[in-house]
Amino acid sequence: MKLSIIILNYNVTQWLRNCLLSIEKHVHGIDYEVIVIDNQSPDTSWKDLIMEFPTLNFIENSSNEGFAKANNKAVKTAKGEYILLLNPDTELEGNYMSEILDFAEAQENLGCLGVRFHDLHGNFLPECKRSVPDVFNSFEKLFSPFQSNQSSKKNYYRNDIAETEIAPVEVITGAFLLMKRELYLEIGGLDESYFMYGEDIDLCYTLLKKGYQNWYYGKHSILHIKGESTVKDEKYLSNFYGAMQIFIEKYYKKQSPLQYQFLKFGLKVRHFIAKLQLK
């Protein structure tokens, strides 16, 4: 089997259904499977999809295990040479998976690959091509209101890479992440220290450190309806900034104490501002 598409669901049945329909419509000429794993959604209506899509593999978790652990569990059951982690609030928009897989096959040291994202209004989502967080781009992102969105220089959101370009990049997002299953398992998959957020950055950075090359494939796009299963409250902020704290503790505390102190301070400032904005 060539491809295993893995979708982690939590409380977004309608978006999940649309995602599955888009796969059914657009993925042709490939031997593939779809694995849907539900992270103990309070809304159990997702189970209605089992009858609607009888050829798919549905897994029900007994608890909410978080993004990393649940995806790792699903990958272990997968049969494909490649795995595609795909968010349930996304939709494929064309029959381009064969082309993307052909590109992946042609790379000698492929790490992972992502595509271009846009929202419901057609707006480009810059998080689909990013740099590894460091003291310089984190400072810039901290003071992003003073930065030009049209800047063509290399920054956190890699504005130096055009939206429709195909180019090497450091970090892609876990909402569409393609890589070889064997390599995924070899590096240990997603780090389960992260419950939500940050695990995709960690995975991409791990691949870079091992000499692999990550790619942004901007020629093709998906719709990403961001945050439909996420309530933007203090718990969300704690998960988000907690994930960033795990990352800088893991990669900067011992290796670069000065960068670590700066990044730690920057995270505290941004977390404080974000909490104020909730009120």
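Four aromatic pairs occur in this predicted model. A pair of aromatic rings is described by the distance of the centres and the angle of the planes. For Tyr 156 and Tyr 157, the ring centres lie 5.0 Å apart. Their planes meet at 65 degrees, so this pair is edge-to-face; the cut-off for that class is over 60 degrees. Tyr 156 is buried, at 9% relative accessibility. Tyr 157 is partly exposed, at 26%. The limit between these two classes is 20%.

Ring pairs also build a cluster, made up of Phe 103, Trp 215 and Tyr 217. The ring of Tyr 205 has the charged end of Lys 209 sitting over it. The distance from that charged end to the ring centre is 5.6 Å.

The largest nonpolar core comprises 77 residues. Six of them have the most contacts inside this core: Leu 20, Ile 23, Met 97, Leu 113, Phe 176 and Met 179. The surroundings of Met 179 can be listed in detail. With residues up to four places away in sequence left out, Met 179 touches Tyr 82, Ile 83, Gly 111 and Cys 112, and also Tyr 184, Ile 187, Leu 203 and Leu 207.

Charged side chains come next. The structure contains eleven salt bridges. One of them joins Glu 52 to Arg 17, with 2.8 Å between the closest N and O atoms. Glu 52 belongs to helix α2 (residues 48-52), and Arg 17 belongs to helix α1 (residues 13-26). The pair therefore ties together parts that are 35 residues apart in sequence. Both partners are partly exposed: Glu 52 has a relative accessibility of 35%, and Arg 17 has one of 29%.

Another salt bridge brings together the side chains of Lys 79 and Glu 33, at 4.0 Å from N to O. This pair links distant parts of the chain, 46 residues apart. Lys 79 is in the loop between α3 (67-77) and β4 (82-86). Glu 33 is in strand β2 (residues 32-38). The two partners differ in setting. Lys 79 is exposed, with a relative accessible area of 60%, whereas Glu 33 is buried, at 11% relative accessibility.

Glu 60 and Lys 47 form a salt bridge as well, at 3.3 Å from N to O. Here the distant parts are strand β3 (residues 57-60), which holds Glu 60, and the loop between β2 and α2, which holds Lys 47. The two residues are 13 residues apart. Glu 60 is partly exposed, with a relative accessible area of 46%. Lys 47 is also partly exposed, at 34%.

Salt bridges can also join into a network. Lys 2, Glu 81, Glu 105 and Lys 180 are linked in this way.

Conventions
Residues are numbered from 1 along each chain as its sequence is written. This is a predicted model: local features need pLDDT of at least 70, side-chain atom pairs count only at pLDDT 80 or more; totals for chains, interfaces and linings use all residues. Side-chain values use heavy atoms; hydrogens and water are left out. Rings of Phe, Tyr and Trp (its six-membered ring) pair if their centres lie within 6.5 Å; planes under 30 degrees apart count as stacked, over 60 as edge-to-face and the rest as tilted. Buried means under 20% relative accessible area, exposed over 50%, partly exposed in between (1.4 Å probe, protein chains only). A charge sits over a ring if NZ of Lys or CZ of Arg is within 6 Å of the ring centre and within 35 degrees of the ring normal. A nonpolar core is a set of buried Ala, Val, Leu, Ile, Met, Phe, Trp, Tyr and Cys residues joined through side-chain atoms within 4.5 Å. Contact means heavy atoms within 4.5 Å. Helices (H or I, at least four residues) and strands (E, at least two) are DSSP runs, numbered from the N terminus.
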